[in-house]
Amino acid sequence: MASEGADAASEAAAPYAVFHSAAVSVKSEVTDGMEVAASVRFLQHSLRLKLTLEPSEMEPLFSGAAWAGTTLWPASILLCEHLVLGFATGIFAEGQKMLELGAGLGAPGFCASLLGADVVLTEQDQLVRLLEENAACNFSGDSAPRVRCLDWSADAAASLAAEVLEKPEVGWDVVLASDVVYEPLYGDSWKLLSDCLEALLLNTSTVALLTAERRTGDNIDSFLDRLEGAGIAHRVLRKEAGDKLLLFELRSAKPRCLAKQKREEAQETSPR
């Protein structure tokens, strides 16, 4: 199994797509031959994203797939560019409630926050500290976006909304995610992600923007089929890098009420 994980990591990290953004520039910071940080610049803004972890945190990361969250992937830059252009053209607006899933280093969420959105970035437990460090390095005081641990599930998504949103029944304006589906590395976690998105996309006004790099065996098509079965439609907004990088828009095909759905499920399973 270790060799299979290594093979998946090698394919994910090696000849990945090259994307040169006209709106977002990225520069690596190298120390002693090791990439330790990345600078992301757009408009008058700049981010410095730390890529490295403490030695005690490295082993548990590299025993699984969480290491991928310490890399600034091209799909993340594509999502950043879409946000920059979207705020400039009025697609997005200041004050919108945005949630990033599997945020990794946090580039898209931080980008949206600097552009005026009210952002919550989420990650699995192993990567929350690095995400919090990057938030602290790039924001001060009340301007810092919130960071939360989130395991992908409908219940966790509902609990987070109840915690951070004034009107959780209304939901989020925008949900962000980049490079979160790749079965050889992440397994079938895309099923949990699908459940989470189903809970988040409660109404037709909430949109999810997902960027992905197509790789052999990624199983993105099965992920999209599962969403379609749950009443969530998708369309491709952009294709880049010879169609290897894709930007998807996801929306609920019809308004749904999660609370009502849960009550109905409880009634079906309760003893008569």
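Val236 stands opposite Phe248, a residue of strand β10. In this predicted model, local features need pLDDT of at least 70, side-chain atom pairs count only at pLDDT 80 or more, and totals for chains, interfaces and linings use all residues. Residues are numbered from 1 along each chain as its sequence is written, and side-chain values use heavy atoms, with hydrogens and water left out.

Strands β9 (residues 232–240) and β10 (residues 245–252) pair in the antiparallel sense over 8 bridges; pairing requires at least two bridges found by DSSP. Strands (E, at least two residues) and helices (H or I, at least four) are DSSP runs, numbered from the N terminus. The hairpin formed by β9 and β10 has 4 residues between the strands, and Ala241 in the turn has a positive phi of about 50 degrees.

## The buried side of helix α6

Helix α6 (residues 154–164) has Ala157, Leu160, Ala161 and Val164 buried, that is, under 20% relative accessible area with a 1.4 Å probe, protein chains only. These residues lie on the same side of α6 because they cover an arc of only 100 degrees around the axis, the arc being that of the directions from the helix axis to the C-beta atoms. Their cover includes β4 (97–101), β5 (118–123), β6 (146–149) and α8 (189–200).

## Nonpolar cores

The largest nonpolar core has 42 residues. Such a core is a set of buried Ala, Val, Leu, Ile, Met, Phe, Trp, Tyr and Cys residues joined through side-chain atoms within 4.5 Å. Helix α3 (residues 74–89) gives the most to this core, with 8 residues. Apart from it lies another core, of 33 residues, among them Trp152, Ala177, Cys196 and Leu200.

How values were computed: Buried < 20%, exposed > 50% of the residue type's maximum accessible area, 1.4 Å probe, protein only. Contact = heavy atoms within 4.5 Å.
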